[in-house]
Amino acid sequence: MTARAHELKVREVLGETADAVSLIFDVPTDLTQRFAYAPGQYLTLRIPSDRTGSVARCYSLSSSPHCDERPTVTVKRTPGGYGSNWLCDSVSAGDILTVLEPAGAFTPRTWNRDLLLCAAGSGITPIMSILKSALILGRGDITLLYANRDRASVIFAEQLRQLVRRHPRRLTVLHWLESERGLPTAHGIATAARPYRRHDVYLCGPTGFAAAVEQGLARLRIPERAIHREHYRSLTDNPFERHLRTPTPVAATPTAAPAADAATVRVDIDGNTHTLPWPRTRKLLDVLLDHGIDAPYVCRESACATCVCTVKHGRTRMLTNESLIPEELSRGLTLACQTLPESDSLHITFDE
Ligand SMILES: Cc1cc2nc3c(=O)[nH]c(=O)nc-3n(C[C@H](O)[C@H](O)[C@H](O)COP(=O)(O)OP(=O)(O)OC[C@H]3O[C@@H](n4cnc5c(N)ncnc54)[C@H](O)[C@@H]3O)c2cc1C
């Protein structure tokens, strides 16, 4: 289902810490299906700008669809950042924001595994959604390793205390405060994570923290396939400007003849099948959009995984990949926004 833009009312703005707020949205009944989300997914918000019309920024849902009534995102100020400061300073209850439907693939596929959740700063947001969901849906042990500058900057500190009180046998929270221990180091992470080295790892935080965690876990010989990571960054493209344009529909011919330097691809999407020429140097998502096919996408930069699809037949290659882990690649998953054909004849599905 394509991520579309909708207007949502902000029901409440909660101050979480001195530099983070949560925005709780009201979803009207006719959009309930469209805003159904999985733990770990995010919303993309349109932030008005005098300079550029708008900017688009992604914010992970900190709420859990399994215990929270309304979708909530949590935004932490980025020093000097435009979007995050606008959201923290300018949004009040009752305001209307333009929001893309939930997207992203940072979601556990099964809830009964033991989890090691690693977060720093605003990286807690999708981790919190996963943590709350796993406590409800699963039976495994959950350990959160959570790094922050100091005690006052710990987002969700009280909620976490309450969850530990309620689930003392299943949930362990290990805080790493920079004010007390300095920046997280690979050695320190390895020491803290050692008892949990057989757990599935979900990791979200700034580059320095993520690198320390990855190095620390490598020392424990935790295989790469067990580590799932969400990458935060600001979009350079603006999906809202694209969404506002009316796409020019081009009839998709059921059996288009291949161009001279093109492969042929059969694409299953939204219950329909299209057979199209796929020029060797053109990315699959662009080919689909060229043909007026309503393919899902947000960032077009490999970060969001909204355009994920499965190669059923034929060989492809991705130009960049920031979202899929080796295990997903081995199942044939690919990102349409980065995929070029290698075989002459291919079959790709978005419908799995
Ligand atoms: C999947 C995903 C999930 C995320 N989840 C979260 C989350 O849960 N919580 C969270 O806090 N962050 C999250 N992020 C990060 C978030 O999307 C932003 O990257 C972050 O808030 C920083 O954005 P910023 O605009 O404040 O800063 P920057 O992007 O650093 O802002 C500076 C940029 O804004 C431009 N700019 C400056 N002034 C203007 C202007 N007037 N008009 C237009 N442009 C201007 C500058 O040219 C520069 O490019 C997530 C990112 C991703 C990809």
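**Exercise 1.** Decide whether Glu-322 counts as buried, partly exposed or exposed, and then work out which residue its side chain meets in a salt bridge.

*Solution.* In this predicted model, Glu-322 has a relative accessibility of 30%. Buried would require under 20% and exposed over 50%, so Glu-322 counts as partly exposed. The next step is to look for its partner, and this is Arg-233, whose side chain meets that of Glu-322 in a salt bridge with an N to O distance of 3.3 Å. Arg-233 lies in the loop between strand E11 (227–230) and helix H7 (239–244), while Glu-322 lies in the loop between strand E15 (316–318) and helix H9 (326–330), so the pair ties together parts that are 89 residues apart in sequence. Arg-233, at 33% relative accessibility, is likewise placed in the partly exposed class.

**Exercise 2.** Find the partner of Asp-26 in a salt bridge, and state which residues are linked with the pair in a network.

*Solution.* Side chains of opposite charge can pair when their charged atoms come close. Asp-26 forms a salt bridge with Arg-11, and the closest N and O atoms of the two are 3.2 Å apart. Asp-26 belongs to strand E2 and Arg-11 to strand E1, so that the pair links distant parts of the chain, 15 residues apart. Turning to accessibility, Asp-26 is partly exposed at 23%, and Arg-11 is partly exposed at 39%. Over the whole model, the count of salt bridges comes to 21.

**Exercise 3.** Describe how domain 1 and domain 2 meet, beginning with the distance between their centres and ending with the make-up of the side of domain 1 that touches domain 2.

*Solution.* The chain is divided into domain 1 (5–103), domain 2 (115–230) and domain 3 (246–349). Taken over C-alpha atoms, the centres of domain 1 and domain 2 are separated by 24 Å. At their interface, 19 residues of domain 1 are in contact with 18 residues of domain 2. Between them the two domains bury about 1400 Å², of which 61% is on carbon and sulfur atoms. Of the area that domain 1 buries against domain 2, Ser-62, His-66 and Lys-76 supply 33%, which is more than any other three residues.

The polar side of this interface comes next. Two salt bridges are found across it, and four residue pairs are in polar contact between the two domains. At least two residues each of the side of domain 1 that touches domain 2 come from strand E1 (5–17), strand E2 (20–26) and strand E5 (72–76). The residues on that side divide into six nonpolar, nine polar and four charged. Asp-68 and Lys-132 meet through their side chains in a salt bridge, with 2.8 Å from N to O.

**Exercise 4.** State where Asp-19 lies, decide whether it is buried or exposed, and list what it touches beyond four places in sequence.

*Solution.* Asp-19 is found in the loop between E1 and E2. Its relative accessible area is 17%, and because buried means under 20%, Asp-19 is classed as buried. Leaving aside residues up to four places away in sequence, Asp-19 touches Val-75, Lys-76, Arg-77, Cys-88 and Arg-149.

Key. Residues numbered from 1 in each chain as written. Predicted model: local features only at pLDDT ≥ 70, side-chain atom pairs only at ≥ 80, totals over all residues. Heavy atoms only, no water. Domains from an automatic or database assignment. Contact = heavy atoms within 4.5 Å. Buried area = accessible area lost by both parts, 1.4 Å probe. Salt bridge = Lys/Arg side-chain N within 4 Å of Asp/Glu carboxyl O. Polar contact = N/O pair within 3.5 Å; in protein donor to acceptor, adjacent residues only side chain to side chain. Helix = DSSP H or I, 4+ residues; strand = E, 2+ residues; numbered from the N terminus. Nonpolar A, V, L, I, M, F, W, Y, C, P; charged D, E, K, R; others polar. Buried < 20%, exposed > 50% of the residue type's maximum accessible area, 1.4 Å probe, protein only.
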